[in-house]
Amino acid sequence: MATVGRLDSAIGYSELRAGTKLSGAHQLAIDSTVPSVDTIGSGMYPYREIEYAYGRPPADSPASSCLGHLSRGNGQDMIRTHGHLPCATPKGPRICGED
């Protein structure tokens, strides 16, 4: 992304939070809507990324504990606080492509 910021007419992609602090890089507004947790969460900003965790780790494993933390309670607050949209919000399942 640093290279994209230095080159005229270059186009790149980064996660929302990582792309906001780069010198020379600009966020792309779509239909006059800039990306943010709120505009992505409401569906106003139509471009987003989804992170998937595949498989089912053993219930007593560190991976299972981590996934549980990220999908419930304080983990959801932490995700939002750091500029990301948690999938387990009322609008999240639709936005994250789940039924």
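Figure 1. At 12% relative accessibility, Gln76 counts as buried, a class defined as under 20% relative accessible area, with exposed set at over 50% and partly exposed in between (1.4 Å probe, protein chains only). The Gln76 side chain reaches the backbone oxygen of Leu70 at 2.5 Å, and a polar contact is here a pair of N or O atoms within 3.5 Å, of which, within protein, one must be able to donate a hydrogen and the other to accept it, while residues adjacent in sequence count only if both atoms are side-chain atoms.

**Figure 2. The two sides of helix 5.** Within helix 5, which spans residues 74-81, the buried residues are Gly75, Gln76 and Ile79. Viewed down the axis of helix 5, these buried residues fall within an arc of 100°, so they line one face of the helix; the arc is that of the directions from the helix axis to the C-beta atoms. An α-helix has 3.6 residues a turn, so residues three or four places apart point the same way. The buried residues of helix 5 pack against helix 4 (62-71), where contact means heavy atoms within 4.5 Å. Asn74 and Thr81, on the other side of helix 5, are exposed. Just after helix 5, Gly83 takes a positive phi of about 85°.

**Figure 3. A nonpolar surface patch that includes Met78.** Leu67, Leu70 and Met78 form a nonpolar patch on the surface, and together they have about 210 Å² of accessible area. Patches are made of residues with over 30% relative accessible area and no salt bridge, with like charges joined within 9 Å and nonpolar side chains (Val, Leu, Ile, Met, Phe, Trp, Tyr) within 5 Å; a salt bridge is a side-chain nitrogen of Lys or Arg within 4 Å of a carboxyl oxygen of Asp or Glu. Accessible areas come from the Shrake-Rupley method with a 1.4 Å probe, and for residues only the protein chains shown count as cover. Met78 lies in helix 5 and, at 36% relative accessibility, counts as partly exposed.

**Figure 4. Asp31 and Ser32 in the loop between helix 2 and helix 3.** Asp31 lies in the loop that runs between helix 2 (16-19) and helix 3 (37-41), and Ser32 is found in the loop between helix 2 and helix 3. Most residues other than glycine have a negative phi. Phi of Asp31, however, is positive, near 50°, and Ser32 has a positive phi of about 65° although it is not a glycine. Asp31 is exposed, with a relative accessible area of 72%, and Ser32 counts as exposed at 74% relative accessibility.

**Figure 5. Ser61 and its contact with Ser64.** Ser61 sits in the loop between helix 3 and helix 4 and is buried, with a relative accessible area of 13%. The Ser61 side chain reaches the backbone nitrogen of Ser64 at 3.1 Å.

**Notes to all views.** Residues are numbered from 1 along each chain as its sequence is written, and side-chain values use heavy atoms, with hydrogens and water left out. As the model is predicted, local features need pLDDT of at least 70 and side-chain atom pairs count only at pLDDT 80 or more, whereas totals for chains, interfaces and linings use all residues.

Terms used. Helices (H or I, at least four residues) and strands (E, at least two) are DSSP runs, numbered from the N terminus.
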